[in-house]
Each structure stands twice: as structure tokens, then as C-alpha cells.
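Please look through the sequence and the structure shown here before reading on. The briefing that follows is grouped by topic.

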Protein chains: 2
Amino acid sequence: MPTIRDVARLAGVSIATVSNALSGGRHVSPQVREAVLAAVRELGYVPNRLARSLRNRRSQTIGLIVPDITNPFFSSLVKSIEQAARARGYQVLLCSSEEDALLEYDLALALISRQVDGMIVIPTQDAPRYLQRIGEKTPVVLLDRIGGEDGLDRVGVDNLQAARRGTEYLLSQGHRRILLLISTLELANIRERVEGYQAALEAAGIGFDERWVVPCGRGADTARVVEKAIQKYRPSAIFAATNRLSLVAVQAIRNLNLPFPERISLLGFDDFEWSTLLQPYLSTVRQPLEEMGQRAIQLLLERLEGVRSGPARVLLPCELAVRESVAPVALSMRRKEVRSKDNPGGSAKSAKP
Amino acid sequence: MPTIRDVARLAGVSIATVSNALSGGRHVSPQVREAVLAAVRELGYVPNRLARSLRNRRSQTIGLIVPDITNPFFSSLVKSIEQAARARGYQVLLCSSEEDALLEYDLALALISRQVDGMIVIPTQDAPRYLQRIGEKTPVVLLDRIGGEDGLDRVGVDNLQAARRGTEYLLSQGHRRILLLISTLELANIRERVEGYQAALEAAGIGFDERWVVPCGRGADTARVVEKAIQKYRPSAIFAATNRLSLVAVQAIRNLNLPFPERISLLGFDDFEWSTLLQPYLSTVRQPLEEMGQRAIQLLLERLEGVRSGPARVLLPCELAVRESVAPVALSMRRKEVRSKDNPGGSAKSAKP
DNA sequence: ATGAAAGCGCTAACAT
DNA sequence: ATGTTAGCGCTTTCAT
């Protein structure tokens, strides 16, 4: 690989001049500049960023860790972050932690080791301690999974409001028996969605029963879990708190051969392109991916440029994407509901056919 | 950020000893080693990889460029590559070219600039010239889109055989009117799939008509294009040569309100998890993602370790994933087919109810 | 407008 | 078993 010295020699100038001709540090006469560029072309010279960053103590690079690059929610977020970063002259080093806290830690250290100027992290767990430590020395922005307390900048959505809104929508369609599918209660994100669900139910005068909140975990057999819950509680609607869970819910509904959406409605969380495979088209609570990415970059760059010192918190609202997977509850269902034993809200003012 | 000097000072040893204690270049007495590690912990020292790579002239890093990280086919490939690389002690720098040849070029230079030891590229176009030039100095392995001629290592699937196999399967189900959906003929990958389709048809004594090969491009309105083709040619089956096109095909079929798969069958290319949203479950020609990733890494490391000098070519076979989206062609269809005017194979021995 | 030289943090060759 | 030092490729003073 040719170095700056080779270019200098070929162009008949000093290495300082080459550096300045290329990076524009100071004035270089047009003829010399041309000679340098010609030498660069002839040699196929590409500056060594490692050396440059080492010298500058700045890499113009930010790290990005996401839990699973295979999940369209995260990969869309990645896309918006990369675009925003590129527009501001930064490159991003992208890592996937495979939802593995240990790997995530290793990746974070690897990024530090590569001298990133800052990093954006969607952690596998809320507010990992190691990230706080890193955050004391290197700017860190937490994204999406922003539960827990620490002094880090964070960008996420208002999960409580979003889930409440989604649940209210289901209620407005006459649903009273609403199953909530969640991944795990370990993430504050998810807990807030449960709270939103609960708040909406209670505001509607319907009791909240935590048994109707079904943790599905990550196992391969989660569809079975959902099927059992459906059989046990006979919901008229399912609210899937995660895009993966929409998938699982669909499988369960099909396995049980329930008319969909006539007999059972489904509302998802997170929008994703490939969901159009589903018929009826999936209605979802949509997160503002584009804006989340942009705000994360913005916060990080503010830090890098020393504009701000106190931690910032950005909470974005979600909106409802109403499509076809939620149907008004059937009258027959409502009647049944009143008689039902294990209906948490059966006694309320819900059913009046 | 603490440096190796800080650690040396705190531990009361020389920087060489710190280096050796950490990287294990030569023997260090247990006590000294402990002192060094203690100092490392106390300072929160993380070695500077930039400096290390600069000095070593080796980064233990490989670059990976994929056309679109959002596409599950590519992101799954990424996953398998990262795993294989990690297992061999390499880190990967992942880039998405957004199907943009110019951006791809920039990214490749950026990787060179970061002194990657080699790179794996799924190019946006076949055998880009710039990659050949890079390949003369830095090991490059072409993946998936391996058309064109140059001296680079390549790993891909046997597209001709795969498409032929898929088409034969459709034929075996009685289909004679098979529409082939492709993205663009610019990729050899796709051209080979067309050839495979053609070969299968001709082997079955059915004429090949290039009008039945529908280029869908990347536009937003590709579903309309497919709808029109369906209305014009009235196929009994669609073979989507790309996972994205399976999506488009499904939309078109629905918009046309055709009984699926009874009236029209669909065979996809590339398997992907989220396809289970589709009912009936999508049958596909499945590419061996795992193995493709592993072989790519293997080829690259062989180069890096100088085991091999001539270019290698790995062609992997695909297998059929038979599920539900392909139905035997209905008898009524076969009759209709014989009368049809624009049926490319109508005159052949195809229909004999 | 240009050149010479120091030094970013690290490893390895040469010391002892 | 450990220390000293040159140098990886670059930018940036300090010269001229």
C-alpha cells in the first residue's frame, strides 16, 4: 500500500504538502496541488484512517450497537441513523449483539478500542452498568430501550401512551376481552406498554387482570403458549407488544383456525414492510423510526461538539396505523362475554347488545 | 483515555512489559502480570486498536458490504458471516450500500482506508471494475452476486440449477403457464435464473417466451406491473426470482382477488422467517445462507494466510422448501389452457385431462 | 507557499 | 525476565 511518503516523492514535494493538498489544512499552489493529485491517482493512494485518527485523536466515527440486525425494526433504525450520520460527516461502525448482554459488552469495548467518538446503543437490558461507566468518558446515547436510571442521553417513544392509545382503539371497536402479548417484563419498555394497556382498560371501567398479559419469551414454541392463552381466555382481540409477537400471534390464530379478523382481531406494535404479506393487512402502533434515528444522531453530535452537558431525554409519540386486522367485535361475542366466567371486565358496562 | 504508558507507570514497569502482559508476546512473571492487570482495571484501560493495527500492519478486521441491510436475505447472511469471523478471531466492519453503486464504491474505499485485511462484497452490479483493482492489493471475496469475469474469489449458489429445479417442481404440479418475476436482467444471478426456467420449460417440451419473464424493477408500483402481467397471460403459477418479488406477487394476487393457491400458485426464491406471515405458507427455493457465509469467510482467510493464490469459485446447490403456496393445477385450468391464444406452450403435450 | 520534525499509542527488535 | 527505542502513516507546529 502506498503511503503519503510515496505520493510526496512522486510529486516531488514534502509529505506536509501532500497532507495539506489532500486535507486542505493550508494553502497549496494550484500546480503543486495538481501534481499531488496526479501522483495520488497514479499510485492509487488511499489515506490511512488509522494513522489519521491516531494523530488527530478523533475518528469521525460513531459506534452503533443493535440487538438483532435481522429484525426489521432495528435494521430500519440502522438505516435512518446511517443516513443522518453520513449527512453530518460521520461514519458508523455497526454491531449486532444478538440479544446477548455479554457480546454487547465485548462489542462496546471493541468500539472504544477503535476510538469511536461516541456511540448509540440499543441495549439488551435496561441501563447496563458498564454503559454508564463508558458514558463518563465517551458520549453515549441510549436508543429505544431507555429504561432505568443513569446520566445518559436517551431517545425513545412514549410506550405508555402508545400502548394506551392502541388499547383504546381496540376498546372503541367494542373489544373487552383483550389479550396482551409481551416478550419479557425485564424491559421497562415492555412494562410501560403493560401500564398503558392497564390504564386504558381501567379508564374504560374494565378490570385489569395480569393473567391476560402473556409473556412469550424467545423460545421456538411461543406459538403454543399463545394458543393456550387464547383457548383459556377466549379473547376477541390480541395486542402484540412487539413485531415478532405479531408473527407469533398470526401463527397461533391460524393453528386454531379462528376466523381472522372476524372472530379475533390483532393489533401489532412496530410497523414493518414485510407485514404486508399478512392478510388482512396488519394494523399497528407505529414508531417514528426515521425521527428516532435522527434525534439520536443529533443528541450525540450535540455532545461531541460540547453544546450540552446535562443528559437529555427525547420521548417521541407513536401513531396508529389502522388497516384491516382489527374488526369491530361481533354481537354474538358480546353476548357470550357477559356470561363468561373468567372475563376480567365482564361485569362492567361493556356489553349491551 | 489512559494509554499503555499510564498503565506502565502505575504498575511500575516498562510499556513493553505491559504490552507483553496483555498480548502475551513473551513471558511475564506472574506477579508483574498481576500488577499490570490491576493497573489496567484501576484505570479502565482499553488498548488502542488503531495504534496496534498501525504498528502491526494488520487489523484482524474484515470489511463486509451488502446491498441492503433491511433485506432479511442479506441480514441473515451477515449474521452467519459475523459468527464465522468471530470464531476465527476477526471482527467485521459492516456496511450497507443501499443498492447504490457509488455509495458502494465509497464504502469500499472507506474500508481500505481503515486497513481491513480483506473484504467480502455483495456488489450492486456484477464484477465492478474498481473491485478488481482493489482485489489486486487486498483479498476480496465476491458473494451471492458473482457474475462477470475477474480474478476474484467468489461464493454463490448455482442459480441455473436452482431455478430449473423450482420450475420443474411447478411443472410436476401440472403447471404449464408459469410467469417468472425478476428484478432486472443486469445481474448474471438473475439471468441464470431465467436460463434455468427456460431450460426446464424446454426440457418439458414447452416453448419459452421471453414475454413471460417480467422485469419488475425497484419502483413502488411494481405490484401493478405484476397485476397487468397476470391479467394478460393468465398464468397458473408465478415463480418469484427474489424474496422481495414474492411480496409483490402476493400483493398482486390479492388485489386481483384470485383464489390462492387454488387458482394461482406461487413459488419464491430465498427463504425468510417473516414469510410465515403469509398464508398459505410460502414454498421457496432455499439458499444455504449459513454455508454461504462460512465459505466466504473460509476463502477469505485462506487468502489472508496465503494458502492459495489462484482464484477460487464455490457454487452451492439450493434446495426446495415445499410448503403450501403451490397447488396442483386445476383441471379446469388445463382445459382453458389449450384454448388460450398467447400461451407459449399451449401447443405442446402439456394438457391432457 | 513549502519543508523538517515531533509525536499520536502501540509492538518488536535489540538490548541487558 | 524486563527495559529502551525505532517506527507504523499521519497532522501539525515551528521553521524558512
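In this predicted model, α2 (15–23) and α4 (49–56) of chain A, together with α2 (15–23) and α4 (49–56) of chain B, each supply at least two residues of the surface near DNA strand D. Here a residue is near a strand if its C-beta atom, placed from the backbone, lies within 6 Å of it, and helices (H or I, at least four residues) and strands (E, at least two) are DSSP runs numbered from the N terminus. Residues are numbered from 1 along each chain as its sequence is written, while chains are lettered from A and ligands numbered from 1 in the order in which they are written. Because the model is predicted, local features need pLDDT of at least 70 and side-chain atom pairs count only at pLDDT 80 or more, whereas totals for chains, interfaces and linings use all residues.

**Surfaces near the DNA**

- Of the 27 residues around DNA strand D, the nearest are Ile4(A), Ser19(A), Ala51(A), Ser14(B) and Ala16(B).
- The surface near DNA strand D has 12 nonpolar, 11 polar and 4 charged residues, where Ala, Val, Leu, Ile, Met, Phe, Trp, Tyr, Cys and Pro count as nonpolar, Asp, Glu, Lys and Arg as charged, and the others, Gly among them, as polar.
- Around DNA strand C there are 26 residues, of which Ser14(A), Ala16(A), Ile4(B), Ser19(B) and Ala51(B) come nearest.
- Two or more residues of the surface near DNA strand C come from each of α2 and α4 of chain A and α2 and α4 of chain B, and α4(B) gives the most, with 5 residues.

**Contact between the chains**

- Chain A and chain B each bring 40 residues to their contact, two residues being in contact if their C-beta atoms, placed from the backbone, lie within 7 Å.
- On the side of chain A that touches chain B, the largest share, 6 residues, comes from α5(A).
- That side of chain A divides into 19 nonpolar, 14 polar and 7 charged residues.

**A sheet in chain A**

- Six strands of chain A form an open sheet in the order β7-β6-β8-β9-β10-β12, with mixed pairing, and two strands pair if DSSP finds at least two bridges between them.
- β7 (213–215) and β12 (319–321) of chain A stand at the edges with a single partner strand each, so one side of each is left without a neighbour in the sheet.
- Strand β10 (residues 283–286) of chain A runs antiparallel to β12(A) and is joined to it by 3 bridges, and Arg286(A) stands opposite Glu319(A) in β12(A).
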